[in-house]
Every structure is written in C-alpha cells, then in structure tokens.
Amino acid sequence: MKAVILGGTSGMGRAIAQRLAERGDHVFLLGIGDDDLAKSASDLVARSPKTQPVGYALCDLEKPETFAPALDAADALLGGFDTVIVTAALFATQEALEADLELTRRLVTVNYAHTVVFCEHARKRLLTRGGGSLTVFSSVAGDRGRKPVGLYGSGKAGLSHYLESLDHKFHDQGLHVLTVKPGFVKTGMTAGLKPPPFAGEPDGVAKDVVRAIDARKPVLYTPGIWALVMLVIRWLPRFVMRKIGF
Amino acid sequence: MRYAPSVFMSAPQLPPVPTLAAWGRLPKPGSEWVVDDLERASSMANLSRGLGRSYGDSSLPACASDKVIATRRANRILSFDAATGVLRAEAGLSLEDINRLFIPRGFFTPVTPGTKFVTLGGMVASDVHGKNHHVEGCFGGHVRALKMRLADGSLVETTPTAEPELFWATVGGMGLLGHVLEVEFALKRIPSPWILQESERVAGIDDFLTVLNTSAPLWPMTVGWIDCLNAGKNLGRGILMAGRWAEKHEAPDALPPVPGALSVPVDFPNLALNKLTASVFNTAYYWKHWQQRVRKVISPETFFYPLDAVHQWNRVYGPRGFTQYQCVIPRAAGAPAVREFMVRLTKFGAASPLCVIKDCGPEGKGLLSFPLEGTSIAVDMAVSPDIQRVVDSLNEFVIATGGRIYLTKDAFTRPCHFRAMEPRLPAFEAARAKYDPQRVLRSAQSVRLFGDRAS
C-alpha cells in the first residue's frame with residue numbers, strides 16, 4: 001500500500017499511520033507544523049521493518065490552495081499513491097460553537113466544504129490511474145441531528161452524504177470509498193470531555209480502519225458497538241429526540 | 001477500555017463527580033486529559049500520568065480541579081540508532097510498543113518492571129526495577145537524557161551531568177519535579193527473542209534467601225513467588241525463577257507467540273478472592289511445580305509479564321479495590337528480619353496469591369528511588385477495614401530494620417512513617433523547593449505524604 005494520510009501526526013490518524021508503517025506499507029504524511037510532521041516521520045521510520053524514508057508535506061485543511069501541491073509531492077515521492085486517508089478535522093463543543101459564530105463558520109467550512117474539495121483532488125488522481133482507496137473520517141454525529149453535536153454533526157452529515165455518492169458513482173471504476181464513523185474516541189481532540197460509555201482508544205480504531213480498508217468495506221462504525229447505538233438512534237421518533245439529551 | 005477511568009468499572013457506585021483511579025481501583029475525584037501534544041499540554045498541568053499502572057495514589061490528582069494529563073498518546077519514537085541501540089522517544093511510549101517493535105530486531109530494554117503496560121515517563125518517575133536489579137540496577141541508571149517541562153513553564157534537557165540535581169530528583173521522583181516529555185536511553189542487544197528459565201521449588205523462607213543468594217552470581221535475572229498464606233514449617237515456601245536470554249542455538253527459530261487478549265470482563269464479587277480460594281490457588285500453584293528443578297526455554301512475555309496475559313486482572317479483587325505492600329529489608333538486618341516479616345505477614349492473613357520476593361543490588365542515585373541492597377517483598381492485599389492497621393504495623397517493622405517502601409505501590413503509608421524510613425527526603429524536598437517552589441506539580445500522594453496543599 002502507498003498511503004497518503006492527512007492528519008497522520010496526531011490522534012487516530014497517527015495510530016493508523018503507525019499501524020501501516022509497522023506492517024511495511026509506504027506512508028506519506030500531510031499536515032500542519034513542520035516540526036510535528038518531522039517528528040511523526042521519524043517515528044514511522046523507526047517503526048518500519050524496512051528502512052524506507054517517510055516523506056511529508058504541509059497541507060492545511062483551512063487553506064485549499066495547499067491541497068494540490070501537497071498531493072503532487074506525495075505522488076512524486078511514493079511513485080503514485082493508491083490510498084488516501086483523511087482523519088484531519090476541527091472539533092468544538094456545541095456550546096463553544098453556539099457562542100462563537102466565526103468558529104462555527106470555520107469549523108463547518110473546514111469539515112465539510114474544504115474536506116470535499118480535498119477529496120475531489122484525491123479522487124481525480126486515483127481515478128486517472130484506475131482507482132484506489134479513499135478513506136475519510138466522518139462521524140456518528142452525522143447520522144442524526146442530535147442536541148449535543150448539532151453544528152459539528154451537520155458538517156459531518158454533509159460529508160457522509162458526499163462520500164456515499166462517491167461510492168455510488170465511482171465504485172465500478174475501481175474507486176473504493178470508506179466512510180469511517182467513529183463514536184467517542186479518547187484523543188487530544190476530545191481531551192477534557194467526559195468520555196461516555198463505549199468510548200474507544202485510537203489504537204483500536206486504527207486496527208478496525210486498516211482492516212476495513214483491506215476488506216474494501218464502504219462504511220465502518222468504530223468501536224463496533226456504535227453501529228448498534230446509531231441503529232437505535234436513527235429510528236427514534238422525533239418526539240423522543242426532542243426530549244432526550246443524547 | 002483497558003485504562004478507562006473507574007467510572008466505567010464500578011457503575012453501581014457511580015459518584016456524582018467524575019473520578020480517576022489507578023491500578024488499585026481506589027478512585028479520587030478528578031479526570032485525565034488524554035493529549036498527544038505533551039509539549040503544549042504540559043505547560044498548564046499539575047501532573048502527568050502514563051498508563052495508570054501504579055497501584056496507589058501517585059498518578060491521581062491532588063484535587064478535582066487539578067489538570068492531570070495522560071501521556072499515553074504521546075508515543076512517537078524520535079530516533080533510534082541500530083548500531084548503538086540508543087532510543088529517544090516521547091514519554092508516553094509504552095514498553096508494550098517497544099517490545100513489539102524491538103524484540104524481533106534483537107533489542108530489549110535494559111530494565112523492565114513486571115508489566116509491559118507502562119510508559120517511559122512512568123518508568124522514570126517510578127525508577128522501576130526488575131528481575132535483573134542485582135546486575136543492572138534501576139531503569140534510571142540507564143537513562144541518558146530527559147526533556148522536561150518545569151513548573152515555571154521552561155523546557156530543559158537534563159542528563160546525569162547537565163542539571164544532575166534535577167535529573168536524580170526526577171528519577172524515582174513520582175512526577176513531582178516536572179513533566180517528562182522525552183526520554184533517551186539505550187536498548188540492549190539480546191542473542192535471541194527467547195528466555196532460558198530454570199525454576200526451582202523452595203521449601204521455606206530460609207532456603208529462599210539462600211537460593212536467591214547463590215543464584216545471583218549465576219543468573220542475570222531472578223525472582224521468587226512465595227505462598228504467603230502458609231505459616232509454620234511451610235512459611236515462605238515457593239518457587240524461584242532464574243533466567244537469562246537464550247543463546248541462538250538454544251532458542252527456537254520462530255519468534256515467540258504474541259499473547260492473546262484474555263480479559264476479566266466484569267468485577268468479581270468482593271469476597272470471590274478470600275483466604276480459602278487464595279490458599280487453594282497457592283497450594284495448587286506450588287505443587288504444580290512437582291519436579292524440584294525445571295529448565296526450559298520460554299517467551300519473554302511469560303517470563304517477565306505473567307499477569308499481563310489477563311487484562312484487567314485487578315477486577316478479581318472486586319469493587320473494594322486493593323493495594324500492594326512492597327518493602328525492602330536491608331541485607332544488614334539479616335535473614336531473621338525477613339523471616340520475622342514473613343511471620344507478621346502471614347499472621348495478618350491478607351488474602352492474596354500474589355507475593356513476590358527479590359534480592360536487590362546496591363541503591364541507585366535517584367533521590368527517592370526504592371531499591372537498596374537487601375530483600376524486597378511485594379504482596380497484594382485487598383482493601384479491608386483493617387488495611388490501615390496492617391500497613392502501619394508492617395511499616396513500623398520495616399522502619400526498625402532500616403528498610404523502606406515503594407511509593408509506586410503505596411496508598412496507605414502515613415507521612416510520619418515515610419519520613420522515618422527515608423533519610424534522603426530532605427535532599428528531595430530541597431530539589432523540589434528549587435525547581436517548583438510553589439509546588440504546582442502535585443498528586444494525591446504528595447498531598448498525603450509531603451503535605452502539599454489539596455486545593
């Protein structure tokens with residue numbers, strides 16, 4: 001596998017990058033912060049059984065102009081990537097977003113509009129060489145309009161919708177699209193929040209994601225229990241959703 | 001889920017405020033921040049904790065509003081030199097990861113504790129020791145450099161020669177001198193990924209001290225399991241395990257198996273582990289070793305981390321929680337003192353199958369580092385209404401012998417007892433006064449033992 005990972009320096013993206021490097025896959029990191037990227041690259045080199053260099057390039061989801069050059073750099077070093085993984089996104093609590101509309105604008109733009117644009121860049125590159133795999137982190141928050149994650153979840157809902165359409169449209173041309181819907185996972189993104197029951201750890205998520213990429217699954221809930229939780233939530237009638245705080 | 005705070009583990013007793021617990025499952029109000037950018041997060045934090053495997057209260061907050069950062073996601077390897085074995089990594093890298101990545105490449109940590117679920121930062125803070133203490137000393141003695149965030153917000157690189165006072169106060173300093181961000185140490189070459197173990201059935205405590213002594217020069221790694229529920233002529237009977245890395249021609253060609261993930265899924269009832277079940281287990285475990293002496297090649301997992309094979313084994317003690325009493329009795333106090341300690345221990349009948357004996361080598365340079373030349377005994381005990389009296393009484397005996405206890409395991413020692421057993425405490429307090437005069441860094445343990453403020 002020749003994988004480009006946007007967000008591979010921290011949280012679940014880091015865990016996936018480590019897992020791929022440890023089994024000998026070629027990895028190229030995209031992210032913000034030269035120092036952070038360099039540290040992650042050394043980590044992946046040290047973890048890899050082969051002594052292959054791990055490249056990286058600056059790519060900021062807030063700056064769409066960085067997308068094409070970053071993907072070009074990855075292509076050049078990897079000799080044509082076949083897998084793209086996007087774990088980067090912004091997160092803020094519903095309270096913080098309601099109190100700060102500029103933050104809301106930023107978050108929704110990055111998590112939906114800019115992520116879609118990045119995926120379009122990646123999707124086109126993959127299709128020109130006959131397909132490949134595109135894995136994008138959406139969220140269980142996008143499955144239903146829920147009180148505690150309404151604004152964050154709306155961007156993720158749009159993203160899930162877009163990814164589903166990619167799968168429908170390009171599956172037959174060899175493009176595998178995996179929509180990952182993590183439940184609550186204990187990472188730097190959720191630091192300070194009280195973990196609910198069924199909270200996951202990044203390493204467990206990474207294991208599930210890599211397995212789903214290998215098996216070419218279209219949708220992954222992780223930790224697995226969230227598939228059941230969301231099945232129930234999706235079927236709850238509106239008058240119940242208005243009452244409960246979930 | 002393995003390291004989930006206690007809120008998930010004992011739902012029926014769910015308190016109104018979130019709580020955080022360590023391995024002994026005695027929760028304190030507070031919560032942890034899981035961060036992957038240690039350098040940023042540490043500037044506002046009161047305490048760093050790794051995987052929460054210390055038994056007592058050293059990784060727990062002084063008060064509910066204190067910020068405790070969990071370092072386990074800060075796990076990047078920053079450099080590794082295959083020629084020298086020198087490894088530098090972020091403090092949250094676990095020994096589990098190091099073993100998985102480097103045993104197949106022919107490297108192993110110079111010192112390992114009895115669990116691989118520890119971080120490098122935790123290994124420094126506890127200055128862990130292992131079965132090879134009589135040869136290699138503690139982990140801190142192998143550390144070449146630490147990058148730290150001090151209480152005043154500054155970043156420093158400390159080594160045994162640069163800022164030595166800070167370095168040796170941090171080694172074994174229970175995380176109270178500053179946040180350890182990066183650790184540099186050298187892995188050792190191993191001839192094969194397998195261990196050659198010789199185990200021997202030992203009839204009593206006096207024999208045990210003798211065989212520990214005679215094995216020490218022959219084997220780089222030794223440890224003993226003791227049946228601490230049997231008094232009288234069987235007092236201190238058990239099994240001595242000695243080992244070394246197997247040479248290439250002695251070892252199988254294959255890598256040792258990766259252990260499966262057995263797990264204790266629920267809390268056992270409080271009384272599941274009682275004197276009777278523990279006695280039955282101990283007798284069975286002792287006589288399972290029916291041959292006097294057995295020599296075999298086993299995996300390092302089995303040799304170093306027998307308990308890691310069952311995740312969340314601390315649930316066996318039930319929701320009441322448990323503690324470990326670990327002390328070292330100086331060689332100068334002699335074998336009678338160890339025997340007397342065992343007599344007292346068995347008299348209390350603290351129901352636990354886990355009791356470990358080990359001879360320690362000379363004291364290291366860490367200002368509060370636990371081991372000193374003598375005999376270390378560690379025993380798990382369920383928390384009971386009696387526990388404070390048991391710990392007090394054992395502590396009084398240990399003080400009289402000139403010994404000390406291991407802070408990493410402790411949740412019940414009184415400050416006056418700790419002071420009495422720790423002549424090095426003034427030097428440690430002087431280092432704290434120099435590097436953290438406001439005592440920003442603090443833990444539930446430092447409140448209990450060092451009189452730090454809890455608000």
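Tutor: Let's start with one term: a crossing of two helices is right-handed if the near helix is turned clockwise from the far one by less than a right angle, and left-handed if anticlockwise. Please keep in mind throughout that this is a predicted model.

Student: Happy to! Which way does α1(A) pass α7(A)?

Tutor: The crossing of α1(A) past α7(A) is right-handed. Handedness goes with two other values: two packed helices are described by the angle between their axes and the distance between the axes. Here helix α1 (residues 11–22) of chain A packs on helix α7 (residues 202–214) of chain A at about 60°, and the axes are 8 Å apart.

Student: What word describes how α1(A) and α7(A) lie to each other?

Tutor: Angles under 35 degrees count as roughly parallel and 65 to 115 as roughly perpendicular. The angle is about 60°, so α1(A) and α7(A) are oblique to each other.

Student: Which residues in α1(A) and α7(A) meet?

Tutor: From α1(A) come G11(A), M12(A), A15(A), I16(A), R19(A) and L20(A), and they meet P202(A), D203(A), V205(A), A206(A), K207(A), V209(A) and V210(A) in α7(A). Sorted by class, this contact of α1(A) with α7(A) has 9 nonpolar, 1 polar and 3 charged residues.

Student: Now a pair in chain B. At what angle do the axes of α6 and α9 of chain B cross?

Tutor: Helix α6 (residues 205–215) and helix α9 (residues 334–348) of chain B have axes that cross at roughly 135° and come within 10 Å. Angles over 145 would count as roughly antiparallel, so α6(B) and α9(B) are oblique to each other. The crossing of α6(B) past α9(B) is right-handed.

Student: Which residues of α6(B) and α9(B) meet there?

Tutor: I205(B), D206(B) and L209(B) in α6(B) meet A335(B), V338(B), R339(B) and M342(B) in α9(B). In this contact of α6(B) with α9(B), 5 residues are nonpolar, 2 are charged and none is polar.

Student: Let's step back to whole chains. How many helices and strands does chain A have, and how many are in chain B?

Tutor: Chain A has 9 helices and 7 strands, while chain B has 13 helices and 22 strands. The C-alpha trace of chain A spans about 55 × 40 × 35 Å along its principal axes, and that of chain B spans about 60 × 55 × 45 Å.

Student: What radius of gyration would a compact globule of 246 residues have, and what does chain A have?

Tutor: The idea is to set the value for the chain beside the value for a compact globule with that number of residues. For 246 residues the globule value is near 18 Å, and chain A, with 18 Å, agrees. As for burial, 43% of the 246 residues of chain A count as buried, and buried residues make up 53% of the 455 in chain B.

Student: What share of the contacts in chain A comes from residues 24 or more positions apart?

Tutor: Taking contacts with a separation of 6 or more, such residues account for 66% in chain A. In chain B, 75% of the contacts between residues at least 6 apart join residues at least 24 apart.

Student: Finally, the backbone. Where is P223(A) found, and which residue is joined to P223(A) by a cis peptide bond?

Tutor: P223(A) is in the loop between β7 (219–222) and α8 (225–235) of chain A. The cis bond joins T222(A) to P223(A), with omega about -10°.

Student: R216(A) and R25(B) have positive phi values. Is each one buried or exposed?

Tutor: A residue is buried if 20 or more other C-beta atoms lie within 10 Å of its own, and exposed if 12 or fewer. R216(A), with phi near 55°, lies in the loop between α7 and β7 of chain A and is exposed because 11 other C-beta atoms are within 10 Å. R25(B), with phi near 65°, is in the loop between β1 (19–20) and β2 (28–29) of chain B and is buried because 22 are within 10 Å.

Terms used: Residues are numbered from 1 along each chain as its sequence is written. Chains are lettered from A and ligands numbered from 1 in the order in which they are written. This is a predicted model: local features need pLDDT of at least 70, side-chain atom pairs count only at pLDDT 80 or more; totals for chains, interfaces and linings use all residues. Axes are lines fitted to C-alpha atoms, for helices over the stretch in contact, and angles run from 0 to 180 degrees between N-to-C directions. Helices (H or I, at least four residues) and strands (E, at least two) are DSSP runs, numbered from the N terminus. Two residues are in contact if their C-beta atoms, placed from the backbone, lie within 7 Å. Ala, Val, Leu, Ile, Met, Phe, Trp, Tyr, Cys and Pro count as nonpolar, Asp, Glu, Lys and Arg as charged, and the others, Gly among them, as polar. The radius of gyration is taken over C-alpha atoms; the globule rule is 2.2 Å times the number of residues to the power 0.38.
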